[in-house]
Amino acid sequence: MRVIVPEDFTTPMAVLNILYDVGSKDEDESQTGFAHLFEHLMFSGSINIPGYDEPLQKVGGENNAFTSPDITNYYLIVPA
C-alpha cells in the first residue's frame, strides 16, 4: 500500500482518492466487465451503509469512480 498525503491549505475541500492497480486488462477474456461491475456495486450500498451517496451529498460532497484497462479509481470530495 502506498499512502500519499499532499496538503493544500489554499482550498476549502478534502479529497480522498483510492486507486487500485487492477482494471479490465486483468480479467479473463471469457468473463469481462467484472472490474466495472464491482465499481458500480459499491455505490449500491450495503446492510451497514444503505445509502452510500446520501451522507456525502448532505454535507455538499460528491463521489465517483472509473475503471480503465490499468486501474480502478474511487474518489470523494467533501468540504473541509
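**Strand pairing and a pocket in a predicted model**

Within strand S3, the residue that bridges to Asn64 is Tyr75. This pair is a handy place to start reading the model, which is a predicted one. It belongs to the pairing of strand S2, residues 62–67, with S3, an antiparallel arrangement that runs over six bridges. The two strands make a hairpin, and four residues lie between them.

S3 also has a partner in strand S1. Here S1, spanning residues 13–20, and S3, spanning residues 72–79, are antiparallel and are joined over eight bridges. To find this pairing in the structure, one can look for Val15, whose bridge partner in S3 is Ile77.

Is Asn63 buried or exposed? Its relative accessible area is 13%, so Asn63 counts as buried, the cut-off for that class being under 20%. Beyond the residues up to four places away in sequence, Asn63 touches Phe43, Tyr52, Asp53, Leu56, Tyr75 and Leu76.

Ser68 takes the description into the loop between S2 and S3. With a relative accessibility of 21%, Ser68 is classed as partly exposed, because that class begins where the buried class, under 20%, ends. Once neighbours within four places in sequence are set aside, Ser68 is in contact with Gly23 and Ser24. Asn48 lies 20 residues from Ser68 in sequence, and the C-alpha atoms of the two are 28 Å apart in space.

For Leu56, the separation from Val78 is 22 residues in sequence and 7.0 Å in space, taken from C-alpha to C-alpha.

Rolling a probe the size of a water molecule over the atoms shows where empty space is left. The largest pocket holds about 720 Å³ of space. Its lining consists of 19 residues, and those nearest the centre of the pocket are Ile4, Pro6, Val15, Leu16 and Asn17. By residue class, the lining of this pocket comprises 13 nonpolar, two polar and four charged residues. Val15 links two parts of this account, as the bridge partner of Ile77 in S3 and as one of the residues nearest the centre of the largest pocket.

Technical notes
Residues numbered from 1 in each chain as written. Predicted model: local features only at pLDDT ≥ 70, side-chain atom pairs only at ≥ 80, totals over all residues. Heavy atoms only, no water. 1 Å grid on protein atoms, 1.4 Å probe; cavity = no way out; pocket = protein on both sides within 12 Å on 5 of 7 lines; lining within 4 Å. Points joined across faces, edges and corners; volume = space filled by probe spheres on them. Nonpolar A, V, L, I, M, F, W, Y, C, P; charged D, E, K, R; others polar. Pairing = 2+ DSSP bridges. Buried < 20%, exposed > 50% of the residue type's maximum accessible area, 1.4 Å probe, protein only. Contact = heavy atoms within 4.5 Å.
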